[in-house]
Amino acid sequence: MKIVILMFFCLLIVSNTVLAQTNTLLDNGDGTITDVATALIWQKEDDNVVRDFSASNQYCQSLILAGNSNWRLPDVKEFTSIIRFSGNIQRNINRIAFPATSGSFAYWTSTTTSNSSSQAWEVYFSTDLVLSTGSIGNVDQRSKTGQNFVRCVR
Amino acid sequence: MPLGVEDPAPLAPTSPLANASPKQSDYIISANTVIDTNTRLEWQREIPTIQGSDTLTLEDAFFICRDLGNQWRLPSARELQSIVDYGKDTPAINEVAFPFTPSANFWTSSRQIDVAWELDFATGVLRPIEFSSAGLLKYVRCVKDHAS
């Protein structure tokens, strides 16, 4: 039994090391997070306000954060780059780097869908397995009049 | 199943993301493979078949890529999304570089405790499906790092 417990802790240490190696997010201490894997700088926390697509674009364009004013909405591939595709689905984003990330509303990307200019792509960090495995995806399309959260990037 | 829990291939540090709508000039196209000069990934140009069938279970998807040898593997969700062209649909991919791509679901190697991730090349939707569905048949496209 002791050996089994020891092996379990060894496994725990090994898996923590792997997670540390794959964490490429640096907290800049000024409300922004740098992802060294993509060289993108992210807004650490959203402002807890939902907006339609147009208002979300305007929000990022007028945002002044950490002395910078060149913020914008991330495109669909940029936003997907901070989804974590391993471990437990409830840790589908690094919630230490990105605290209070909504699991109940999606986030807007800047990418308009190819088949309808009235729709855009959204990224959904749902922690609800049933919801996220439903008919919609975690990276899916929504009418631009829909209300989503916003996380800007530069 | 011999499947890792971690995303086996996070993009390398300083590796740029692919454009949401890749340009054909991003690709070096040869008869059987396509090299993406942005991500430095080398892709199978056409989807593989196993015993005459184009669609595979998740387990067979891992094996059909691994059996190619030479570091071929099933792409992670992020890797497979890198060749999606969000500027078009049905299929959402450059059809000169990747001809005969079906507008259908493809397996990725990304798995969580309860879910596997699939990518729909009709539009580019990326979604988790319950792991109990891993026996369903989906398409596969294998990848490897491009040795420059």
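Which residue of S6(A) does A:Val123 stand opposite? The answer, in this predicted model, is A:Val139.

**View 1. Strand S5 of chain A pairs with S6(A).** S5 covers residues 119-123 of chain A. S6 covers residues 139-143 of chain A. The two strands pair in the antiparallel sense, over five bridges. A:Val123 stands opposite A:Val139 in this pairing. S5(A) is mostly covered. Four of its five residues are buried.

**View 2. S4(A) and S5(A) form a hairpin.** Six residues lie between the two strands. S4 spans residues 107-112 of chain A. Three bridges join S4(A) to S5(A), and the strands run antiparallel. Within S5(A), A:Glu122 is the residue opposite A:Trp108.

**View 3. Three strands of chain A form an open sheet.** The order is S1-S2-S3, with antiparallel pairing. S1 (25-27) and S3 (40-43) stand at the edges. Each has a single partner strand, so one side of each is left without a neighbour in the sheet. From one strand to the next, the twist averages 30°.

**View 4. S1(A) meets S2(A) in an antiparallel pair.** S2 takes in residues 32-35 of chain A. Three bridges join the two strands. A:Leu25 stands opposite A:Asp35 in S2(A).

**View 5. B:Ser110 sits in strand S4 of chain B.** This strand covers residues 105-111. B:Ser110 is buried, because its relative accessible area is 0%, and buried means under 20%. A polar atom of the B:Ser110 side chain lies 2.9 Å from the backbone nitrogen of B:Ala77.

Notes. Residues numbered from 1 in each chain as written. Chains lettered and ligands numbered in written order. Predicted model: local features only at pLDDT ≥ 70, side-chain atom pairs only at ≥ 80, totals over all residues. Heavy atoms only, no water. Buried < 20%, exposed > 50% of the residue type's maximum accessible area, 1.4 Å probe, protein only. Polar contact = N/O pair within 3.5 Å; in protein donor to acceptor, adjacent residues only side chain to side chain. Pairing = 2+ DSSP bridges. Axes fitted to C-alpha atoms, helices over the stretch in contact; angles between N-to-C directions.
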